[in-house]
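Visitor: I would like a close look at a single part of this structure. Please take me through that part and what surrounds it.

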Amino acid sequence: MNDNLSYLFAAYTVIWLAFFAYLFFVSRRQRELERELRAVQRTLEESKRRPADGR
Amino acid sequence: MERTGPSRAPWRASSGTATGARGWMWREGLLVLTGLMVLADLYLVFMWVPTDATLGIVQRIFYFHVPLAWVAFLAFFLVFLGSVIHLVRGSRRWDRLAQSAAEVGVLFTTLVLVTGAIWARPVWGVWWTWDPRLTTTLILWFIYAGYLMVRAYSPSPAQGARYAAALGIVGFVDVPIVYFSVQWWRAIHPAPVVGPASEPGSLAPAMLITLVFSLVTFTLFFVVLLKERLALKATEEALGEARELARRSTTDTRSSR
C-alpha cells in the first residue's frame, strides 16, 4: 500500500499549490489596484487644486 | 477647507490593509492562527492518525478531501444567502459576499474533484467514473463557474449581479443533491461520515478527531481566503468609483472652459 505514497503526495501538493497560487494572485491584484487607486486619487486632487491655483 | 467627500470614499472602501491598526492586527492574528492550525492539522494527518487497514496510506487524502467539500458547501450557502438578500434589499455588501464566496467555493470544488480523482485512481482503478456523487459535484462546479462567467461577461455590473444572484439561488439546490446522492442512487462513492446522512461510529475516534480538526482548519482557511477576496472586491469597487469621479471631473473642467 505504501506504493500509493505518490498519490498522497500529489493530492497534498495540488491542494497547497492551488491555495498559495490563489492567495498570491489575489494579493498581487490587490497591490496593483491600490497603486492605481492612489494614482487616480492624486489626479483628482490635482484637478481640484488647479482651478484654485489659476485664480 | 471643505472635504472632498466622494474622493475620500474610495479610500474608506479600500482593502483591509487600509482599515487601520485594529483591522491589520485582526488580519495578522487570523493568518497566524490559521497557519498554526494548518501545521497542527498536517501533524495529525501524517504523524498521529493511524493508517487505514483496508485502503492504506492513500486514505489520508480523505482528511483534506472531505473538509474541502464541506467548505465548498458552506461557500455556496453564503452565495445563496448573499444572493437572496441582494435581490430583496439590493444590498451591494451582500452581493460582494456572494461573489467572493462563489469564487472561493469554485476553487474548493475544483480541489474536491482533483483530490477525488487522485484518490480514485489507486482505490477504484480509474481517475473518473460517472458515479452520482462525482457527476453531481461536477454539475455543482459548472453551476458556480457559470455564476462567475455571468458576472464577468454581463453588460453592466448591476445586471450581472442580478442574473448571478438568481443562478446562485437556483444553483444551491444541487448542494443537498450532492450530499444525499450516495443514499438516493446506487453509488460506489463511500457514504458520508459527517452530517445527517452519516452513520454513527463509522469512523474510529482518532480518525474522527483528525477529521473534525481538519474541518475547523479548512473553515478558518476559507475565512482567510474570503476576507482577502472581499478586500479585493472592495478595492475594485472603490477604484471604479474613483475612475468615474475622475471622468466626471475631467468633463466638468472641459465644459467650464
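Guide: Start with one term: two residues are in contact when heavy atoms lie within 4.5 Å. With that cut-off, B:Ser181 touches B:Pro132, B:Arg133 and B:Thr136, leaving out residues up to four places away in sequence. Please keep in mind that this is a predicted model.

B:Ser181 belongs to helix 7 of chain B. B:Ser181 counts as buried because its relative accessibility is 0%, and buried means under 20%. Helix 5 is our part.

First, its length. Helix 5 of chain B has 22 residues. From its first C-alpha to its last it reaches 31 Å, close to the 32 Å expected at 1.5 Å a residue. Now look at the start of the helix. There, a side-chain oxygen of B:Asp131 comes to within 2.9 Å of the backbone nitrogen of B:Arg133.

Next, the buried residues. An α-helix has 3.6 residues a turn, so residues three or four places apart point the same way.

B:His189 sits in the loop between helix 7 and helix 8 of chain B. B:His189 counts as buried because its relative accessible area is 16%, and the limit for buried is under 20%. Leaving aside neighbours within four places in sequence, B:His189 is in contact with B:Asp131, B:Arg133 and B:Leu134, among others. B:His65, B:Trp124 and B:Val182 are also on its contact list. B:His189 and B:Leu134 are 55 residues apart along the chain, yet their C-alpha atoms are separated by 8.0 Å.

Then there is the largest pocket. About 1,000 Å³ of space lies in it. It is lined by 44 residues, and B:Arg133 and B:His189 are among those closest to its centre. B:Val66, B:Pro190 and B:Pro192 are also in that closest group. Helix 5 of chain B is one of the elements that give two or more residues to the lining, along with helix 3, helix 4, helix 7 and helix 8. Which helix of chain B gives the most to the lining of the largest pocket? It is helix 4, with eight residues. By class, the lining has 32 nonpolar, nine polar and three charged residues.

Helix 4 of chain B has 33 residues and reaches 46 Å from first C-alpha to last, close to the 48 Å expected at 1.5 Å a residue. B:Ser91 caps its N-terminal end: a side-chain oxygen lies 3.4 Å from the backbone nitrogen of B:Arg93. After helix 4 comes B:Gly125, with a positive phi near 85°.

Finally, step back. Chain B has eight helices and zero strands. Of its 257 residues, 47% count as buried. Among contacts in chain B with a separation of 6 or more, 72% join residues 24 or more positions apart.

Note on methods:
Residues are numbered from 1 along each chain as its sequence is written. Chains are lettered from A and ligands numbered from 1 in the order in which they are written. This is a predicted model: local features need pLDDT of at least 70, side-chain atom pairs count only at pLDDT 80 or more; totals for chains, interfaces and linings use all residues. Side-chain values use heavy atoms; hydrogens and water are left out. Helices (H or I, at least four residues) and strands (E, at least two) are DSSP runs, numbered from the N terminus. The expected span of a helix is 1.5 Å times one less than its number of residues. A polar contact is a pair of N or O atoms within 3.5 Å; within protein, one must be able to donate a hydrogen and the other to accept it, and residues adjacent in sequence count only if both atoms are side-chain atoms. On a 1 Å grid over the protein atoms alone, a cavity is a set of points where a 1.4 Å probe fits but cannot get out, and a pocket is an open set with protein on both sides within 12 Å along at least five of seven lines; lining residues have an atom within 4 Å of a point. Grid points are joined across faces, edges and corners, and a volume is the space filled by probe spheres set on the points. Ala, Val, Leu, Ile, Met, Phe, Trp, Tyr, Cys and Pro count as nonpolar, Asp, Glu, Lys and Arg as charged, and the others, Gly among them, as polar. Buried means under 20% relative accessible area, exposed over 50%, partly exposed in between (1.4 Å probe, protein chains only).
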